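Q: I have this structure open and would like to go through it piece by piece. Can we start with the side chains?

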Amino acid sequence: MIKNHVRHWLALAACTAMLSGCSDDPSPGDQSSQQTISEKYPITWRFALEEIEGSVQHQYAETFRAHIEELSDGRIEVDVFPYGSLGTSTQLTELARNGSVNLAFASPGHLADTVPESGIFNLHFLMPEQPEAARQLLEDPELISQFQQPYQQTGLQLLGFISEGWMTWTANQPLRSPDDFQGLRIRTMTSNMAAEAYRAYGAEPVQTPYSQVYSDLQLRKIDGQTNPVFAIEEMDFHEVQTTLTMAKASYFVASMVSNQQWYNNLPEQERTWLNEAVRDLAEFAWDSQEALNQQRLERMVETGGIQVIRLNQEERERFRQASLPVRDKYLEQTGETGRALLEFVDEWTQP
């Protein structure tokens with residue numbers, strides 16, 4: 001009896017051990033791992049914008065926030081900082097470079113002094129005139145690849161480009177030929193290449209902070225400015241200017257960047273979420289800027305506060321010819337890297 005009882009007890013103990021090994025309950029090690037994950041998340045990414053609420057960049061950032069939070073199942077939260085909350089465009093780029101913010105928009109209008117190659121987007125009559133071709137060019141992985149090293153040399157990781165629409169010109173007179181720019185004090189962004197584009201027409205570029213443009217126009221410290229249509233309307237520049245000229249000379253192209261070290265140190269899954277979100281929102285970015293620019297143009301026309309002039313091909317050709325010497329200045333700053341970029345972009349403009 002005693003032997004039978006012992007055998008029965010040993011069999012029960014072995015069975016219990018086997019069941020324990022097959023249990024769905026986490027082991028102490030698994031519990032520790034899950035606790036580490038729960039302690040890490042949620043985390044916050046800081047995203048700085050060059051534009052105010054309601055802008056193209058703000059629409060993009062809010063959609064990006066929702067998409068990232070969906071992809072990560074709430075693990076990643078995004079704090080969006082519209083223009084004015086952290087500093088000027090140049091200051092925002094510096095915040096991205098030193099890691100104070102994780103993500104930012106950096107437009108070549110100021111970035112070209114730091115990343116000269118990005119100044120290609122300040123050149124006039126270079127980008128494809130057809131919207132679909134321009135969109136495909138900006139999304140081309142090869143174009144982005146050619147820019148990666150110049151961005152990384154300054155501590156930035158280029159994530160992608162988005163267009164915010166054609167740059168348009170406002171003044172208190174029509175701007176139908178380079179002669180109309182002679183001596184015109186026009187506000188440009190801070191990079192030298194952005195200013196050179198208008199010096200080629202005979203203008204006098206003035207590099208004024210975005211938030212100061214309205215008052216400088218009102219006080220006649222400057223005579224004109226250039227921005228996409230949506231920005232002109234939302235900043236009320238049409239209230240202090242009589243004429244808007246649409247020349248289709250250049251797009252406003254913003255680059256979405258991150259701090260390079262932060263990007264490199266992201267866990268693989270988080271980097272995948274980030275890259276996937278940027279890729280998924282490419283079409284949204286293009287469609288939203290087209291819709292917003294059209295809506296804002298219609299609003300300005302309805303109020304009757306500004307005259308809209310669209311240049312014909314003959315007028316555009318005169319400006320194009322006047323703009324060509326600026327490409328040589330771009331090559332002086334960028335060398336062979338810039339030449340390769342010019343040739344690459346030029347292929348997209350060929351019929």
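**Working through the model**

A: At 22% relative accessibility, Arg65 counts as partly exposed. Keep in mind that this is a predicted model.

Q: What does Arg65 form a salt bridge with?
A: With Glu62; the closest N and O atoms of the two are 2.7 Å apart. Both residues lie in helix α3, 3 residues apart, which is about one turn of the helix.

Q: And Glu62, how exposed is that?
A: Glu62 is partly exposed, its relative accessible area being 29%.

Q: Why would two such side chains pair at all?
A: Side chains of opposite charge can pair when their charged atoms come close.

Q: How many salt bridges does the structure hold?
A: It holds 15 salt bridges.

Q: Which residue does Glu132 meet in a salt bridge?
A: Arg135, at 2.5 Å from N to O. Glu132 and Arg135 are 3 residues apart in helix α6 (residues 131-139), so about one helical turn separates them.

Q: Is Arg135 buried or exposed?
A: Arg135 counts as buried because its relative accessibility is 18%, and the cut-off for buried is under 20%. Glu132, with a relative accessible area of 40%, is partly exposed.

Q: What else does Arg135 form a salt bridge with?
A: Arg135 also forms one with Glu139, where the closest N and O atoms are 3.0 Å apart. These two also lie in helix α6, 4 residues apart, about one turn of the helix. Glu139 counts as partly exposed, at 31% relative accessibility.

Q: Changing topic: rings. How many aromatic pairs are there?
A: A search of the whole structure finds 22 aromatic pairs. One of them is Tyr60 with Phe64: the ring centres are 6.4 Å apart and the planes are at 10°, so the pair is stacked.

Q: Where do Tyr60 and Phe64 lie?
A: Both are in helix α3 (residues 56-71), 4 residues apart, about one turn of the helix.

Q: Which rings link into a cluster?
A: Trp169, Phe181, Tyr198, Tyr201 and Phe319 are linked into a cluster by ring pairs.

Q: What sits over the ring of Tyr263?
A: The charged end of Arg271 does, 5.5 Å from the ring's centre.

Q: Back to Phe319. Which residues of α14 are buried?
A: In helix α14 (residues 313-323), the buried residues are Glu315, Arg316, Phe319 and Ser323. Seen down the axis of α14, they fall within an arc of 95°, so they line one face of the helix.

Q: What is on the face turned away from the buried side?
A: That face of α14 carries the exposed residues Gln313 and Glu314.

Q: What do the buried residues of α14 pack against?
A: Against β4 (156-171), β10 (307-310) and α15 (325-349).

Q: Now α4: which residues are buried there?
A: Ser89, Leu92, Thr93 and Ala96 are buried in helix α4 (residues 89-97). Down the axis of α4, these buried residues fall within an arc of 100°, so they too line one face of their helix.

Q: What covers the buried residues of α4?
A: The cover includes β1 (43-48), β3 (103-106), α5 (108-111), β4 and β9 (251-259).

Q: What follows α4?
A: Gly99 follows, and its phi is positive, near 90°.

Q: Where is Thr154?
A: Thr154 is in the loop between α7 (141-152) and β4. It is buried, with a relative accessible area of 12%. Not counting residues up to four places away in sequence, Thr154 touches Arg97, Thr114 and Val115.

Q: Last topic, confidence. What pLDDT does the protein chain average?
A: It averages 89, and 88% of the residues score at least 70.

Q: Which element has the lowest mean pLDDT, and which the highest?
A: Helix α1 (residues 2-21) has the lowest, 38, while strand β8 (residues 243-246) has the highest, 98.

Q: Over which residues does pLDDT stay under 50?
A: Over residues 1-35, for which the model has 1 contact beyond four places in sequence.

Key:
Residues numbered from 1 in each chain as written. Predicted model: local features only at pLDDT ≥ 70, side-chain atom pairs only at ≥ 80, totals over all residues. Heavy atoms only, no water. Phe/Tyr/Trp six-rings, centres within 6.5 Å; stacked < 30°, edge-to-face > 60°. Lys NZ or Arg CZ within 6 Å of the ring centre and 35° of its normal. pLDDT = per-residue confidence, 0-100. Contact = heavy atoms within 4.5 Å. Salt bridge = Lys/Arg side-chain N within 4 Å of Asp/Glu carboxyl O. Buried < 20%, exposed > 50% of the residue type's maximum accessible area, 1.4 Å probe, protein only. Arc of directions from axis to C-beta.
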